[in-house]
Amino acid sequence: MADISDSAARAARDLRVVFSRLRRRIREVAQNTDLSPSQESALTLVGKHGAATASALAAAEGVRPQSMATTLAALDQHGLIRRAPDPDDGRRQLVTLTDAGRARIEGNRQVREEWLARAFQDRYSEEERQTVLQALELMERLSRP
């Protein structure tokens, strides 16, 4: 890291730490205790992918198919997903969200967003919020390829 400035190294380290803490805190806000973190993650994944096979979900989540099957069974027991035969290959099943699954994802998203907006409102002045917005515009460059 000889060609990296001290300020760049510090920014990278501090940003990673702050984002990790913030991500954890946001997860805690909407945490429903009846699902494990892996079940919550899989539920969100099903919501993003739409109809998908268990093996495709396992690959997307980076877990073994057997682990995903166990996770999906738990989500099925909670009535959050449904399984139906794949119209292209009747041997496979497609997993989709139920209305309850969609409501749960949307409810979690709303709770997290409201918490974060309230935190900005209560903890920062208007000038500080504008500074955060400017910083986020700069940070957007990091997310681009």
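1. Helices (H or I, at least four residues) and strands (E, at least two) are DSSP runs, numbered from the N terminus. The model is predicted: local features need pLDDT of at least 70, side-chain atom pairs count only at pLDDT 80 or more, and totals for chains, interfaces and linings use all residues. Residues are numbered from 1 along each chain as its sequence is written, and side-chain values use heavy atoms, with hydrogens and water left out.

2. Start with L80. L80 sits in the loop between α4 and β1. L80 is buried, at 5% relative accessible area. Buried means under 20%, exposed over 50%, and partly exposed in between (1.4 Å probe, protein chains only). Leaving aside residues up to four places away in sequence, L80 touches L35, L43, L75, T96, L97, T98, A100, G101 and R104. Contact here means heavy atoms within 4.5 Å.

3. L75 is a partner of L80.

4. Now the core. A nonpolar core is a set of buried Ala, Val, Leu, Ile, Met, Phe, Trp, Tyr and Cys residues joined through side-chain atoms within 4.5 Å. The largest one has 15 residues, and L43, L57, L72, L75 and I81 have the most contacts inside it. Two or more residues come from each of α2, α3, α4 and β2. α2 gives the most, with four residues.

5. Next, α2 itself. Helix α2 covers residues 37–49, 13 residues in total, and reaches 18 Å from its first C-alpha to its last, close to the 18 Å expected at 1.5 Å a residue. That expected span is 1.5 Å times one less than the number of residues. Its buried residues are Q39, E40, A42, L43, L45 and V46. They pack against α3 (54–61), α4 (65–77), β1 (81–86), β2 (89–97) and α5 (99–123). G50 follows α2, with a positive phi near 70°.

6. Which aromatic rings pair? A search of the whole structure finds one aromatic pair. The rings of F120 and Y124 have centres 5.5 Å apart and planes at 35°, so the pair is tilted. Rings of Phe, Tyr and Trp (its six-membered ring) pair if their centres lie within 6.5 Å; planes under 30 degrees apart count as stacked, over 60 as edge-to-face and the rest as tilted. F120 is partly exposed at 28% relative accessible area, and Y124 is partly exposed at 37%.
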